[in-house]
Structures are given as C-alpha cells and as structure tokens.
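Q: I'm new to this structure and would like to learn how to read it. Could you walk me through it step by step?

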Amino acid sequence: MTRAIQDYYPERFSHCFGCGRNNPHGHQLKSYWKGDETIARFTIAPMYSGGVPGNAYGGMVASLIDCHGTASAAAFACRAQGHELGEGAEPVRFVTASLTIDYLRPTPVGKEVTITGRLMSLEGRKVRVALALAAGGTVCARGEMLAVQFRE
Ligand SMILES: CCCCC/C=C\C/C=C\C/C=C\C/C=C\CCCC(=O)SCCNC(=O)CCNC(=O)[C@H](O)C(C)(C)COP(=O)(O)OP(=O)(O)OC[C@H]1O[C@@H](n2cnc3c(N)ncnc32)[C@H](O)[C@@H]1OP(=O)(O)O
C-alpha cells in the first residue's frame, strides 16, 4: 500500500495537527498497513525536547501514538467490514475517546521512531487499539486507545 491511511481522509477532515495532510504547520504523520498491523515512521525534531537534552517531550510521544491510533482504528474497521480503504464508501472516521500511555524509556529526538498498532477488539462503534512507539528496536512507550466511530 503506497497511500497512507490519512490520505483517504476526506478533505474536510484533513487539518489535524498531528496527521492532517492539509495542515502545513502540523506533523503530517503517515500510517500504513503492515500485515494485520499498522505502522508509522517519524523523526521527532530536536525542538520537541522534553527538557532532557536528546529526549522528546511526552506530549509529542502521545500525539504520535494518538494519531496513529485513530488511523489504525479506521483501517481496522474498514477491513472488518470486508473492504480496503479507498474501495467503496468514504472511510469511517474515528475520534479518540480514551488514550492511556506508559512511558517506559526516554524517546530520542533526531532519530527515526516507529509506531505500531494492533487491533485488540472491535465492538459496534468502539475499536480498541494497542500501540507501541520504538526507537532502534527499543520500545519507549506503549499506548492503549479506545476510538469511537464519529456519529455523522
Ligand atoms: C470531537 C470531534 C470534533 C469533530 C470531528 C469530526 C470528525 C472527525 C473525523 C475524523 C477525524 C479525522 C482526522 C483526525 C484524526 C486523528 C485525530 C487524532 C485523535 C484526536 O485527537 S480526536 C480529538 C480528541 N477527541 C475528542 O475530542 C473526542 C471528544 N469526545 C466525543 O466527541 C464523544 O465523547 C465521543 C464521540 C468519543 C463519543 O460520544 P458519542 O455521543 O458519539 O457516543 P457515546 O457517548 O454513546 O459513546 C459510545 C460508546 O463509547 C463509550 N465511551 C465513550 N467515551 C468513553 C471513554 N472515555 N471511556 C470508555 N468508554 C467510552 C460509551 O460508553 C459507549 O459505549 P457503549 O456503546 O458500549 O455504551
């Protein structure tokens, strides 16, 4: 899959600070399928320091996990409905209802990190996603999200 999950969001919902392709001031995170899971890659700029030189601000870590989580929820829900993003109807859209983060190790700035998402459960409008952010093979943070399908 060459198009990112966020590239399927409708124009009017593409201004998210973390992942909106139409927000020139944002991070423009891109998430992709990787088998049954999802993955995003990102390099945190040094300006997002958490105060300790070389380490990222926790809100930045949460922001990446948040956006990757909602994108993953949309992709998991779409596949569960029997089609892929871009096929058929406009993709379902999710917002974060709950997000917990465990900060396990400092997250480096200036070095590529990967964020992965795994489907935990899907029940009606609710999708639970397990998330992990890793640098150089070391998991720095884990997250758990409840994403709820947005009511039109
Ligand atoms: C706030 C949205 C603004 C408009 C956005 C419009 C569209 C957005 C669409 C796409 C977005 C596209 C791109 C953006 C991508 C990524 C963004 C990154 C992620 C974010 O940055 S996103 C912003 C932060 N996010 C919010 O700003 C959410 C504020 N919030 C609400 O808008 C409502 O709260 C909502 C919609 C979540 C639910 O409201 P609702 O009325 O639709 O549904 P309801 O309350 O019935 O909940 C249904 C079932 O979820 C359970 N449930 C709900 N909340 C729970 C919780 N916290 N813990 C445990 N269970 C919970 C209930 O218990 C029930 O469960 P059950 O069905 O089993 O009874």
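Q: Where does Gln 28 lie?
A: Helices (H or I, at least four residues) and strands (E, at least two) are DSSP runs, numbered from the N terminus. Here, Gln 28 sits in the segment before strand E1 (31-34). Keep in mind that this is a predicted model, where local features need pLDDT of at least 70, side-chain atom pairs count only at pLDDT 80 or more, and totals for chains, interfaces and linings use all residues. Residues are numbered from 1 along each chain as its sequence is written.

Q: What is the phi of Gln 28?
A: Most residues other than glycine have a negative phi. Gln 28 is not a glycine, yet its phi is positive, about 55°. There's another positive phi, near 95°, at Gly 82, which follows helix H1.

Q: Does Gln 28 count as buried, exposed or partly exposed, and why?
A: A residue is buried if 20 or more other C-beta atoms lie within 10 Å of its own, exposed if 12 or fewer, and partly exposed in between, with C-beta atoms placed from the backbone. Gln 28 counts as partly exposed because it has 19 C-beta neighbours inside 10 Å. Phe 42, in strand E2 (residues 37-43), has 21 such neighbours inside 10 Å and so counts as buried. Phe 42 and Gln 28 are 14 residues apart in sequence, and their C-alpha atoms are 9.5 Å apart in space.

Q: What about Tyr 8: where is it found?
A: Tyr 8 is in the segment before E1. With 18 C-beta neighbours inside 10 Å, Tyr 8 is partly exposed. Between the C-alpha atoms of Tyr 8 and Pro 91 there are 7.1 Å, although the two are 83 residues apart along the chain.

Q: How many helices and strands are in the protein chain?
A: One helix and six strands. Along the sequence they follow the pattern β-β-α-β-β-β-β.

Q: Why does the span of helix H1 agree with what it should be?
A: The expected span of a helix is 1.5 Å times one less than its number of residues. H1 (residues 58-80) has 23 residues and should span 33 Å; its end C-alpha atoms are 32 Å apart, which agrees. H1 is also mostly covered, with 18 of its 23 residues buried.

Q: Why does the radius of gyration fit a compact globule?
A: The radius of gyration is taken over C-alpha atoms, and the globule rule is 2.2 Å times the number of residues to the power 0.38. For 152 residues that gives a value near 15 Å, and the protein chain has 15 Å, which agrees. Its C-alpha trace spans about 45 × 30 × 25 Å along the principal axes.

Q: What pLDDT does the protein chain average?
A: pLDDT is the predictor's confidence in each residue, from 0 to 100. The protein chain averages 94, and 99% of the residues score at least 70. For the complex, the predictor gives an ipTM of 0.86 and a pTM of 0.93.
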